[in-house]
Structures are given as structure tokens and as C-alpha cells.
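Reader: Hi! Could you walk me through this model?
Author: Happy to; here it is.

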Amino acid sequence: MKLQRKNRLRATALGALAVSGALVLTACGSDDNTGTDTDGGNKTSAAASNIKCDGAKGQLRASGSSAQKNAMDLWVKNYMAACSGVEINYNSSSSGEGIVAFNQGTVGFAGSDSALKPEEVADSKKICKTGQGINLPMVGGPIAIGFHLEGVDSLTLDASTLAKIFDTKIKKWNDPAIAALNKGVELPNKAIQPFHRSEDSGTTQNLGKYLGAAAADDWKYEAEKKWPAPGGQAASGSSGVASQVKTVDGSIGYFELSYAASQGITTVDINTGGAAPVKATSENASKAIAAAKIKGTGKDLALDLDYTTKAEGAYPLVLVTYEVVCDAGNKADTLGTVKSFLTYAASDEGQKVLTEAGYAPIPAEINTKVRETISALS
Amino acid sequence: MASTTQLDIPPAPPARRGRTGSTGRAGDKIFLGLSRGSGILLLLIMASIAVFLSYRAATAISEDEGNFFTTFDWNPAGDPPVFGIAVLLFGTVVSSIIAMVIAVPIAVGIALFISHYAPRKLAAPLAYVVDLLAAVPSIVYGIWGALVLVPYLEGLNLWLDQFFGWTYIFEKTEVGVARSLFTVGILLAIMILPIVTSVSREVFLQVPKMNEEAALALGATRWEVIRLSVLPFGRSGIISASMLGLGRALGETMAVATVLSPSFLISLHVLNPGGGTFAQNIAAKFGEADAFGRDALIASGLVLFVLTLLVNGAARLIIARRKEYSGANA
């Protein structure tokens, strides 16, 4: 009798262990928000034939922006499958750490959400002996505004209402300003809980740039990596903001589109003043990036995005992430790998896989210049 | 110093030999050299770390355009750089006070129960379970806090607001989930329970049996025994235990970073989301900070270091005083 009870206890414990183990595993699974693992295998073999591994060898360390992590993961996987004997480690810490590592000379290239600042360029001249650090726009993407409001499945907002919501000037969901943009939608009398990033972030900075450009009257803050406005609540990382929005009724927050897709969060359509409200999708983001101008001088290809574009179907709230490299004076042992890898990333194939991960390809005109610059790296 | 002079005199007199433990054999000399060397090395490492940190902190503070102690902002990457520790100091102290107010009475209660009320069969496992709380990694507390505590505390927050809103402290002026200093305080209280409980328990167990038996013989009830002999004897022990717990609460990082919704505002409305602590701010800002931003964070860390040092120093003082007291009884 006693023995039986012991066995039953043991079985229960085992069962509990199995259940929690399964939960842990599924949790890991859903963390991968690229959603391309299943068909990635075929793509790899198809892509393998076109990747040129000339001069690539050994190990390449890179570090930087977590906003382009999912894109980088795909590229690295495809590239390493094609070029045997080459190992690329992209440490998706943050743009800040990436640039610090780049200027210390410990990485071959860095990923960054925003272009190098003048003092960072000055620092880079110590590492790039004969040149300096330049920005190559490689990954674009929409910043989605996700919301959670019971009973409301679609929502249209414009830059001005977004600015007022994130500045906690609009406090209720049934505010007349929101209602005017959403005719026929029954908005509840519920408090709005805006969520922003708790740590410094390039995504925050890009949202700030957009609001500052498209709603200058309602958003008086400088576009910085740190969240500028008082009020609202903070969560850590895009994933943190997304999971808060997912759980809290009445909340609204911003993050890269892939997080909205993986968590099943509804996103806001933006009324740009064009013909119809624009959805946050990769294609729509690409259309908006096409309106960008290159502001960098020389080989630097830093972009000046046009946040006020009214072009049809152009989603204006976009983020462009750069790869930071030396235009000349790269280390001899990593130059070949950097060139070869970035050539693949900027190629048609490399840019095409971006859409699978919720990013947007860089428009052809800019991309041509990126490819020219990469082939001239020395 | 006595030992250095002793090295110069080869035939050491027996009394001195006893003091340094040296028998003059080669092994002893090597061991003496090794241990002295490690001691000096440790001091050198500590000193160089301190110099490095103070230097980095000083460069950051000298370029700070705001007042380091009164500015309500943290923006070392800005132009001009502005940062101050006022919000962090406030948040750290307030959340720790909340933790102490909740944890100390409960810990003393548990310690009294384990040492004086519980049957022996129950006391040992109970003490063990409480100690086990100390072994749970803080990030696990953080996840538990974010997933379980925060949603459950919303109800408590509304209740506190409704019935104790007049106290100003418990007035809830902002809508929002309970990712507040109050929630952090509750979480910290749970985290410091084991250390406060186990130190208090040890102290209560050392109350001289004669005192208790004398009180019982005079007809005191068990509560009177505790009130008249256990608590007065253990008072300094409870205080030092609380200080140790406070030291832990001040420096807690990951649990706070996971639960709190940080913002650079000081508000006495502890139920509102917002606030920040030193350790949480360092964890949150370190990743995106540039070299100067890291120096600024180091400066804030030094302030936390000094704060913790003061608390631990106070605890040591109290413990040292208690030692004499108990030594007289032994």
C-alpha cells in the first residue's frame, strides 16, 4: 500500500516534470519569431549555389543591433551552409555595444540601428588605419504599433494621435480624436496604457524621429534612444513590450513587426494623409524607404528617411539598420569574409529572405550603391 | 608587524613561535609567504578596482551638466549629458523600506515559531524550507513576480486605493498594471525573508535557558517569556539581521528589473508604475550605453556601493556589540 502510494507520487512527479519540460520547450520554440525554420532548409540549398565564398576563411566575429537579429540569423545560417570552413558569430547585444566593439577592433563589422555619430567616426579612424567607419543600410523594417483592446479588431491612427497617446495627452480609448479616425468602430471607455522601452533603444529613436517629423506640433521631444516622455509604462526589449501589450487590456506599444506576428498582436494602420490607411507590412515599409535620400558623404550611405511621405501604400514608420564597416583599412584576416558575407546579404537572394522574417528589403536604387561600396571595401 | 620583526630573529622564543604558528621549518615559511602574498595581492586588486572605478566615475561626474544628486533624469548620451541619481536613490530606499516593513515582522514571527512554538519535528523542516528560499535565483523571483505577483496585486492595489487612499501613499493616481515600487517591495520582502529569519532564529536559540526557565518558574505564560526575555535579548540580533536583509534588498537587480516599470519620476504614490533603483538602472542601461554612459553608470554604482557599505557597517557594529553582550552571558 505504502509502496503503491510512493509509486503514484513518483509518477505524478514525472508527469509534472514532463509537462513543465514540454512547456519550457514550446516557450523556446515560440521565441523564434522568424517563422522560417520549416522552409529554411530548401532555401539554403537553393541559395547555396549563388553565394560566392571567395577569400572567405576562418572565423568572423560581429556584434550589434538586436533589431536585425532575425535577419542576421537567416543570413548567417544560409551563408555558413554554402561556405564550409567559415564561421560567423553575430552577437545581437545592442547597437551601442556593437559600435563600442567595432571601435575597439574586436569585430569585423557591427550592426546598428542608427548611423555612426561624428565622434564615433573619429574613434573608428584608429581601427580603420587608412579609412574610417561607414554605414551600409542593409535591413529595413516597419515598426509596428501593436494594441490590445477587447472587442476592437482594427484601429487606424495618425501621427498626431499617436504622439498624443504616447505623450499621455489622450487618456481614454473613446477619445474624440481616435473616434474620428475610426468611424463605425465601437471604442470602449477604457484607459489607454501606453508601453515603451525601458532601456535605450534605436527603435525608440526611430519612433521619435517619425513622430517629430510627422506630428511636430504634438511631439516636442528630441529623437533619442532613451524614452523622452513622462508617463506611460516601460518594459525591457521589444519582446518585453510585446508581451506586456499581449497581456494588458487597453494597452498600446511599439516593436518590430516580427514580434507582433509571433505574438499574434493586432497592429495599428497608419493614416498618412494619403488615399487609404496603411498597414504595417514589409512591402509597405519598402515603399516608404524608397523615398529616403542618402545623407552620408563619400562612401558612407547613411539614409535620411522621409517620415512624412504620403505615397500610396507607403508605411512611414520604418527603421533602417546598418552594417558598420571600415571603408578601407579592414583587417587582412577578416576582409575577405566581411566582403563575401555582406555581398551575399546585399544580393537579391539575401534581401529576399528579409521579407520572410518580417523585415523589408532595401530599395533597388540604394541597394545598388551598397553593393558597389561593398565590392570596393579594402 | 610583530611577525615581521620575528622573521629577523632566527631562534624565535617559544612564546612568539606560538603566536605566529611558525616552527621555522621550510614548509611553514613557504606557507607564510604564500598566505601573506595572497593577502597583499587581494588588497592590491581591491585597491586598483577602487581606483579604476573612482576615476571613471569622477570623469563622468565632472562632465555632467546636471546636478549628480538632484537631477531627475538619466541621459548621459544627450547633448549636453545630464544625469542624476535622485530618482534611483529614492526608488532604492523606498522599495527597501517597504520590503523591511513587510519582511521583518514576518521573519521574526517565523523565527519565534521555529525556535519556541513549533514541535521539534516540524521546526527543522520548516527552517530548512525557509532557508531554501535563499537558494532560488533572483531572476526566478523576477519571472514569478512578473507573471504571478503583478497580475494578482492589481486587486490589492485597488483595495488599498479605495480604503487607504487618504494616506496619500496608497492613493493610486495612474491607471496601469501593478509594476510599481510597492510590488517590488513585496517581492524584495519575500527575497530577504530567509536571511532575516535564519539570523533571528539563531539569536533566539541563544537566549540563556536559565532566563526563560526563571520566567516560567515565576508563572509567566509563553508569550510573557518571549516578551520579557527572548525579545529583549534578541533585539540587537534582530536589528543586525534586518540590516543584512536590507543590504540584500538594496542591491537586488534582476528581480527588480523584471518587475518594475522604470521611469525617471519621483512619486510618493507607491502604487503607480514607475520609479527605479540603482541596480535595476545599471542592468537596463548598460547594453545601449556608450563609453561615457558606462562611466555614468559606474558613478551611480559607486553611490550604491557606499550605501550598502554604510548599511553593512552598521550591521557589523551592532553584531559586534551583541557579541560582547552574549560573551558576558556565556
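Reader: What should I know before we start?
Author: This is a predicted model, in which local features need pLDDT of at least 70, side-chain atom pairs count only at pLDDT 80 or more, and totals for chains, interfaces and linings use all residues. Residues are numbered from 1 along each chain as its sequence is written, chains are lettered from A and ligands numbered from 1 in the order in which they are written, and side-chain values use heavy atoms, with hydrogens and water left out.

Reader: What ipTM and pTM does the complex get?
Author: The predictor gives an ipTM of 0.76 and a pTM of 0.79.

Reader: And what is the mean pLDDT of chain A?
Author: The mean is 85, and 87% of the residues of chain A reach 70 or more; pLDDT is the predictor's confidence in each residue, from 0 to 100. Residues 23-48 of chain A have a pLDDT below 50, and beyond near neighbours in sequence this stretch has 19 contacts in the model. A contact means heavy atoms within 4.5 Å.

Reader: Thanks! Now the inside: which residues touch the most other members of the largest nonpolar core?
Author: They are A:Trp75, A:Met138 and A:Ile145, in a core of 156 residues. A nonpolar core is a set of buried Ala, Val, Leu, Ile, Met, Phe, Trp, Tyr and Cys residues joined through side-chain atoms within 4.5 Å. Buried means under 20% relative accessible area, exposed over 50% and partly exposed in between, using a 1.4 Å probe and protein chains only.

Reader: Which helix gives the most to this core?
Author: That's helix α4 (residues 86-117) of chain B, with twelve residues. There is also a second, separate core of ten residues, which includes A:Ala101, A:Phe102, A:Val107 and A:Leu116.

Reader: What does A:Met138 touch?
Author: Leaving out residues up to four places away in sequence, its partners include A:Trp75, A:Leu342, A:Leu354, A:Ile362 and A:Ile374.

Reader: How much of chain A is buried?
Author: 53% of its 378 residues count as buried. Chain A has 14 helices and 13 strands.

Reader: Which residues of helix α9 of chain A are buried?
Author: In α9 (residues 237-247), A:Gly237, A:Ser238, A:Gly240, A:Val241, A:Ala242, A:Gln244 and A:Val245 are. The buried residues of α9(A) pack against β4, β6 (193-197), β7 (233-235), β8 (251-256) and α10 (257-263) of chain A.

Reader: Switching topic: how many cavities of 30 Å³ or more are there?
Author: The count comes to three. On a 1 Å grid over the protein atoms alone, a cavity is a set of points where a 1.4 Å probe fits but cannot get out, and lining residues have an atom within 4 Å of a point. Grid points are joined across faces, edges and corners, and a volume is the space filled by probe spheres set on the points.

Reader: What lines the largest cavity?
Author: The lining includes A:Asp200, B:Trp74, B:Lys285 and B:Glu288. The volume of the largest cavity is about 70 Å³.

Reader: And the second largest cavity, what is its volume?
Author: About 40 Å³. β4(A) supplies the largest share of its lining, four residues.

Reader: Last one: which residue other than glycine has a phi near 50°?
Author: A:Thr168 has that positive value. It sits in the loop between α6 (159-166) and α7 (176-181) of chain A and is partly exposed, with a relative accessible area of 22%. In chain B, B:Tyr168 has a positive phi of about 75° although it is not a glycine. B:Tyr168 is partly exposed, at 44% relative accessible area.

Notes:
Helix = DSSP H or I, 4+ residues; strand = E, 2+ residues; numbered from the N terminus. 1 Å grid on protein atoms, 1.4 Å probe; cavity = no way out; pocket = protein on both sides within 12 Å on 5 of 7 lines; lining within 4 Å.
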